[in-house]
Amino acid sequence: MDCDKKRIVVKVGTSTITHESGKINLKRIDCLARVLSDLMNMGHEIVLVSSGAIGVGAGKLGLAEKPSTTRQKQALAAIGQASLVSIYEKFFKEYGYSTGQVLLTKFVLDAPERYDSARSAFETMIGYGVIPIVNENDVISTYEIEFGDNDTLSAYVANLVDADLLILMSDIDGFYNGNPNSNRAQLIPVIDEITDEIRKCAGGEGTRRGTGGMITKLNAAEIVTQKGTDMVITNGAFPENLYKIVNGENVGTRFMGKR
């Protein structure tokens, strides 16, 4: 186990924790909770950034597509967030851990006083052995104060809590040198520096259930690596790979923090 990577922020996307129907993927969340709880048992500190509120809300109402208007998104976020946090609490409790909900906007982190208050709240929860579950506060977010996607949010959270490692669990295996749907595209296991060539490899948006594409993940990598934090993109379908990632093994793509 890489003991230097003690505090870990894990971000899961909507496509990782829901089925195509939009309903919650209970088997996946159960496995994720078990692995994260086991990492806590090993002495790691975990912060979970979870997308999915709007998607879960849409699934509860039987909507086939994500809503297009801000008003609809805000309503579905409120509906879905309650169910999502309840499910997480149920599974983590089975493995001996409590959770705390944190809903953020950029407004909270824009001023030193609010920033320090948020940092203190995280530190206190982590000190109690609680797993903070973070999402953007979509119900009150507007363009001016929103992060826009949870890849970016997770990067800000990683910096806020001085994380040693940020892991983005996505619906692809990692960062490719081309379209991952192409047979000629190759996975890049380690990226030491985000160059113009690397930026050109990022393109396209997220799935119809999620908001983040590879561009947002690259932006997140730039935010955290500047602070010296490693970031890994991995396939969220296999939560048990988190053991290997924390151990420093090459799973997915690791962006090296500036030393």
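Author: Let us go through the sheet, some of its strands, and then the helices.

Author: This is a predicted model, in which local features need pLDDT of at least 70 and side-chain atom pairs count only at pLDDT 80 or more, while totals for chains, interfaces and linings use all residues. Residues are numbered from 1 along each chain as its sequence is written, and side-chain values use heavy atoms, with hydrogens and water left out.

Reader: What order do the strands of the open sheet have?

Author: Strands of a sheet pair through backbone hydrogen bonds, either parallel or antiparallel. Here, helices (H or I, at least four residues) and strands (E, at least two) are DSSP runs numbered from the N terminus, and two strands pair if DSSP finds at least two bridges between them. The open sheet has eight strands in the order S3-S4-S2-S1-S5-S7-S8-S6, with mixed pairing. S3 and strand S6 (190–191) stand at the edges with a single partner strand each, so one side of each lacks a neighbour in the sheet.

Reader: Which strands pair with S1, and in what sense?

Author: S1 and S2 pair in the parallel sense over six bridges, and Val12 has Ser50 in S2 as its bridge partner. Five bridges join S1 to strand S5 (residues 165–170), and these two also run parallel. Ile8 stands opposite Leu165 in S5.

Reader: Is Ile8 buried or exposed?

Author: Buried means under 20% relative accessible area, exposed over 50%, and partly exposed in between (1.4 Å probe, protein chains only). Ile8, in strand S1, has 0% relative accessibility and therefore counts as buried. For its contacts (heavy atoms within 4.5 Å), setting aside residues up to four places away in sequence, Ile8 touches His44, Glu45, Ile46, Val47, Leu165, Ile167 and Val246. Ile8 and Val47 are 39 residues apart in sequence, yet their C-alpha atoms are 6.4 Å apart in space.

Reader: Which way do the residues of S4 point?

Author: In a regular strand the side chains alternate between the two faces of the sheet. In S4, Ile131, Ile133 and Asn135 point one way, Pro132, Val134 and Glu136 point the other way, and all are buried. With six of its six residues buried, S4 is therefore largely enclosed by the rest of the structure. S2 is largely enclosed too, because five of its six residues are buried.

Reader: How many bridges join S4 to S3, and how many to S2?

Author: Six bridges join S3 to S4, which run parallel, and Gln101 stands opposite Ile133 in S4. S2 and S4 pair in the parallel sense over two bridges. Ile133 in S4 is the bridge partner of Leu48, and Val49 stands opposite Val134 in S4.

Reader: Now the helices. Where are the buried residues of H6?

Author: An α-helix has 3.6 residues a turn, so residues three or four places apart point the same way. The expected span of a helix is 1.5 Å times one less than its number of residues. For the 16 residues of helix H6 (residues 112–127) that gives 22 Å, which agrees with end C-alpha atoms that are 22 Å apart. The buried residues of H6 are Ala118, Phe122, Met125 and Ile126. They cover an arc of only 100° around the axis, so they lie on the same side of H6; the arc is that of the directions from the helix axis to the C-beta atoms. On the other side of H6, Pro112, Glu113 and Gly127 are exposed. After H6 comes Gly129, with a positive phi near 80°.

Reader: What do the buried residues of H6 pack against?

Author: Their partners include strand S1 (7–12), strand S2 (45–50), strand S3 (99–104) and helix H7 (150–160).

Reader: At what angle do H6 and H7 pack?

Author: Axes are lines fitted to C-alpha atoms, for helices over the stretch in contact, and angles run from 0 to 180 degrees between N-to-C directions. H6 and H7 pack at about 80°, with their axes 10 Å apart. Angles under 35 degrees count as roughly parallel, over 145 as roughly antiparallel, 65 to 115 as roughly perpendicular and the rest as oblique, and H6 and H7 are therefore roughly perpendicular to each other. Tyr115, Ala118, Arg119 and Phe122 in H6 meet Val157, Asn159 and Leu160 in H7.
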